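Here is a short briefing for someone opening this structure for the first time. Keep the sequence and the 3D view at hand as you read.

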Amino acid sequence: MTELNFERHRRLRKTSYLRDMVRETKLHKEDLIYPIFVLEEEGKRNEVASMPGVYQVSLDYLLEEVQQVVDLGIRSIILFGVPKDKDDVGSEAYHDEGVVQQATRLIKKDHPELVIVADTCLCQYTSHGHCGVIEHDYVNNDRTLPLLVKTAVSQAKAGADIIAPSNMMDGFVAAIRQGLDEAGFEETPVMSYAVKYASAFYGPFRDAAHSSPQFGDRKTYQMDPANRLEAQREAKSDVDQGADFLIVKPALSYLDIMRDLKERHQQPIVAYNVSGEYSLIKAAAQNGWVNEKEIVQEKMLSMKRAGADLIITYFAKDLARWMNEEGGN
Ligand code: PBG
């Protein structure tokens, strides 16, 4: 036999310690942001039917939920409000006594160090379920911007550490940045949902947040899943307007986009591992069809490998628990 010449890649896979040493990507608890749905009600802790293990909690149960998160070692949460009342212009989103504002103040009193991200959007607060003001059956961009600014400022005033606008109006980062600066919140960062696709993966979230559009869809403001270059244009605009973080949403079907953004921008990249991505795995796991822990960890690594620095995920508590059991971080 002639002498074969090849590389022995298996050398570095021989033992678990060796594999640990050469592992390129790791997930840390500091990477995780846990979403919490807050109900403007009392005495409620409802499991979301389409999201097993995820609860909508009323304000009086909120601190209990947050304590759990903190005890697990998670350092950041993102708040979604489910208000009692909705109207045409989403007034409860920018009311100083709105549900997210109340929740933020409540949490900050007990956990000043916890990083609270406030989702800045109108869809949970509008009677029509769209993310902006409606004029002639169309979401009016420029009339929506001032309402988003008011929402962001009232969230910052309540103590939110990061403002995360998710509405996909043009110019929202510029408007919110200016509004925050003028209100004295120059140091409050904007985590922009820079690239947000019109996705079927949001289905379970809309149950949880009561935010389904009552007519039409969101395709005139959220992006077409077919487009990649458009994501570059969106991200560039947000960076130019002052975004401090860039979110890609959903995560798993859009890893190519995450990688593109990571290569072109210096801002931290955030993967939003959305509700449908959670529910698909939970459902399969409940049927015993997949190993939940292994599959979730693999998915998280794939996002990090694609370039995500942070991950917003409903699995954050599960992940933290698993990390604690393994004694790692
Ligand atoms: C609304 C918003 C959505 C999500 C977060 N904020 C989606 C939408 O209804 O358009 C989805 C999150 C998820 O699915 O987990 N602006």
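By class, 9 nonpolar, 5 polar and 5 charged residues make up the lining of the largest cavity. The model is predicted.

**The cavity**

- A search of the whole structure turns up 1 cavity of 30 Å³ or more.
- The largest cavity holds about 150 Å³ of space.
- Its lining counts 19 residues.
- Nearest the centre of the largest cavity lie C123, K196, Y202, F205 and K249.

**The second largest pocket**

- About 190 Å³ of space lies in the second largest pocket.
- Two elements each give two or more residues to its lining: strand 7 (138-140) and helix 7 (229-240).
- The lining has 14 residues, and N141, M168, D170, T220 and Y221 are the ones nearest the pocket's centre.
- Sorted by class, the lining of the second largest pocket has 6 nonpolar, 3 polar and 5 charged residues.

**The nonpolar core**

- The largest nonpolar core contains 105 residues.
- I77, M191, M258 and M303 have the most contacts inside this core.
- Helix 4 (residues 141-158) supplies the largest share of the core, with 7 residues.
- I77 shows what such contacts look like when residues up to four places away in sequence are not counted: its partners include I33, Y34, I36, V66 and V69.
- Further along the chain, I77 also touches I107, L114, V115, I116 and V117.

- L122 sits in the loop between strand 5 (115-120) and strand 6 (133-135).
- C131 also has its place in the loop between strand 5 and strand 6.
- Is L122 buried or exposed? L122 counts as buried because its relative accessibility is 0%, and the cut-off for buried is under 20%.
- C131 is at 1% relative accessibility, so C131 counts as buried too.
- How far apart are the C-alpha atoms of L122 and E92? They are separated by 8.8 Å, with the two residues 30 residues apart along the chain.
- C131 and C121 are 10 residues apart along the chain, and 6.0 Å separates their C-alpha atoms.
- Leaving aside neighbours within four places in sequence, L122 is in contact with V89, G90, A93, Y94, H130, C131, G132, T144, L147, L148 and T151.
- With residues up to four places away in sequence left out, C131 touches C121, L122, C123, T144, N167, M169, R218 and Y221.
- T144 is therefore a contact of both L122 and C131, where contact means heavy atoms within 4.5 Å.

**Helix 9**

- Helix 9 covers residues 275-286, which is 12 residues.
- Why do its ends lie where they do? At 1.5 Å a residue, helix 9 should span 16 Å, and its end C-alpha atoms are 16 Å apart, so the two agree.
- Helix 9 is mostly covered, with 9 of its 12 residues buried.
- The buried residues are S275, G276, E277, Y278, S279, I281, K282, A284 and A285.
- G288 follows helix 9 and has a positive phi, near 75°.

**Backbone exceptions**

- Most residues other than glycine have a negative phi, and most peptide bonds are trans.
- D137 is not a glycine, yet its phi is positive, about 60°.
- D137 lies in the loop between strand 6 and strand 7.
- At 63% relative accessible area, D137 is exposed.
- H210 is not a glycine either, and its phi is positive at about 50°.
- H210 belongs to the loop between helix 6 and helix 7.
- With a relative accessible area of 43%, H210 is partly exposed.
- The peptide bond from K249 to P250 is cis, with omega near -10°.
- P250 is in the loop between strand 10 (245-249) and helix 8 (255-264).
- K249 is also one of the residues nearest the centre of the largest cavity.

How values were computed
Residues are numbered from 1 along each chain as its sequence is written. This is a predicted model: local features need pLDDT of at least 70, side-chain atom pairs count only at pLDDT 80 or more; totals for chains, interfaces and linings use all residues. Side-chain values use heavy atoms; hydrogens and water are left out. Helices (H or I, at least four residues) and strands (E, at least two) are DSSP runs, numbered from the N terminus. The expected span of a helix is 1.5 Å times one less than its number of residues. Buried means under 20% relative accessible area, exposed over 50%, partly exposed in between (1.4 Å probe, protein chains only). On a 1 Å grid over the protein atoms alone, a cavity is a set of points where a 1.4 Å probe fits but cannot get out, and a pocket is an open set with protein on both sides within 12 Å along at least five of seven lines; lining residues have an atom within 4 Å of a point. Grid points are joined across faces, edges and corners, and a volume is the space filled by probe spheres set on the points. Ala, Val, Leu, Ile, Met, Phe, Trp, Tyr, Cys and Pro count as nonpolar, Asp, Glu, Lys and Arg as charged, and the others, Gly among them, as polar. A nonpolar core is a set of buried Ala, Val, Leu, Ile, Met, Phe, Trp, Tyr and Cys residues joined through side-chain atoms within 4.5 Å.
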